[in-house]
Amino acid sequence: MKLALVGIGKIAVDQHIPAIAASEEWMLGATVSRHGSVEGIDSYTDFDQLLAERSDIRVISLCLPPVPRFDYAKKALEAGCHVMLEKPPGATLAECHALAKLAEDNRLSLYATWHSREADKVAVAKAWLTDKALKSLKVTWKEDVRRWHPNQDWIWEPGGMGVFDPGINALSIVTEILPVDIHLREATLQVPQNRQTPIAADLAFYHPSGAQVSAVFDWRQEGEQTWTIEAETEQGTLTLLDGGARILIDGVEDALVSDNPLSGEYPRLYAKMAALIARGGIDMDLRPMVHVSDALALGRRVAVDPFYD
Ligand code: NAP
């Protein structure tokens, strides 16, 4: 299947383009970007022009930041294309619901991707937790914003989500591996005085069994980076490390082995998109975004030091 990639920036270059190039199912037919392009591939700066001229392309993958994404997704769906959305699927929940309705009405596929769910050990963590009695779950997601988001102003603007941009990856894993739904109880958001979005957040969740579920996100961590989820159960402790790439059960590594033949988060996302189109339908799990929206609605804001790149 031929697709067009829209928004040739960091994640398109780092992950989407190599994953498409390595795939037997996908072919990059064109790109749309005001500044970026891919050597040897037709490039457009105007999305309307692509939609008007390229009836051979029926799939659009959007790698833009969340705020501009809705307008592109809407146009693509109205033009009869299937759409794949980078995470988070939009800037607001209402616009995500609107896209899902549009896709449904037009019998098109729409995929809200969560790349962290495709990390190697997430599926085995989910299987292990299915029959365990959870006592507590703690997320620690601490990274250096200057290292991972150099010169990206949109993350600090309304809709950019701040530290929830990586934090939503952790929440996408948590909502995938827990067998029951949780919801936010309280949050504290640390917002730099000169910015619109948080640089750090503490979250506490309600879990139906009374288990303690919490998360700490911080964008000010220099040196070693931490992307860990620790779940303590009556039957032992599961630790996901490195964003889901490694798993420990009671401190022992590799007790659980992934049986997914594809390796890499983005190759798995593109394989899932191909399967979704083949069977028809929508894959739009908005639970990670619900938690972020709730944190932004309910969170107590604390002003902290200004942030400069
Ligand atoms: P980025 O490099 O800052 O932006 C991607 C591209 O989007 C830009 O190169 C720009 O291309 C286009 N763009 C930016 N603002 C736009 C606007 N207002 N209107 C139209 N086009 C615009 O961002 P990114 O890091 O790739 O992130 C994009 C999405 O991927 C985000 O939702 C992010 O959460 C997700 N993601 C990022 C990473 C990562 O490591 N960075 C990892 C996983 C997921 P042109 O200027 O050429 O049009």
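The largest pocket holds about 1,200 Å³ of space. This is a predicted model, in which local features need pLDDT of at least 70 and side-chain atom pairs count only at pLDDT 80 or more, while totals for chains, interfaces and linings use all residues. Residues are numbered from 1 along each chain as its sequence is written, and side-chain values use heavy atoms, with hydrogens and water left out.

The pocket lining comprises 41 residues, of which K10, I11, H149, Q152 and D165 lie nearest the pocket centre. Two or more lining residues come from each of α1 (10-22), α3 (66-78), α7 (164-177) and α8 (265-279); the largest contribution, five residues, is that of α1. A pocket is an open set of points on a 1 Å grid over the protein atoms alone, where a 1.4 Å probe fits, with protein on both sides within 12 Å along at least five of seven lines, and lining residues have an atom within 4 Å of a point. Points are joined across faces, edges and corners, and the volume is the space filled by probe spheres set on them. Helices (H or I, at least four residues) and strands (E, at least two) are DSSP runs, numbered from the N terminus.

The model contains 20 salt bridges, each defined as a side-chain nitrogen of Lys or Arg within 4 Å of a carboxyl oxygen of Asp or Glu. One of them joins D14 to K10, with the closest N and O atoms 2.8 Å apart. These two residues are four positions apart in helix α1 and therefore separated by about one helical turn. D14 is partly exposed at a relative accessible area of 38% (buried means under 20%, exposed over 50%, partly exposed in between; 1.4 Å probe, protein chains only). A further salt bridge links E176 and R117, the closest N and O atoms being 3.8 Å apart. Because E176 belongs to helix α7 and R117 to the loop between β6 (110-112) and α5 (122-129), the pair ties together parts that are 59 residues apart in sequence. R117 is buried, at 13% relative accessibility, whereas E176 is partly exposed, at 22%. Both residues belong to a network of salt bridges that also includes K126, D181, D285 and R287.

R195, in the loop between β8 (183-192) and β9 (200-206), is buried yet has no salt bridge; D153, the nearest side chain of opposite charge, is 4.5 Å away. For charge, Lys and Arg count as positive and Asp and Glu as negative, with His and the chain ends not counted. A polar atom of the R195 side chain lies 3.0 Å from the backbone oxygen of F307.

Most residues other than glycine have a negative phi, and most peptide bonds are trans. D242 lies in the loop between β12 (236-241) and β13 and forms a salt bridge with R246, the closest N and O atoms being 3.6 Å apart. D250 occupies the loop between β13 (246-249) and β14 (252-253), and its side chain reaches the backbone nitrogen of T237 at 2.7 Å. The peptide bond from K87 to P88 is cis, with omega near -15°.

Terms used. A polar contact is a pair of N or O atoms within 3.5 Å; within protein, one must be able to donate a hydrogen and the other to accept it, and residues adjacent in sequence count only if both atoms are side-chain atoms.
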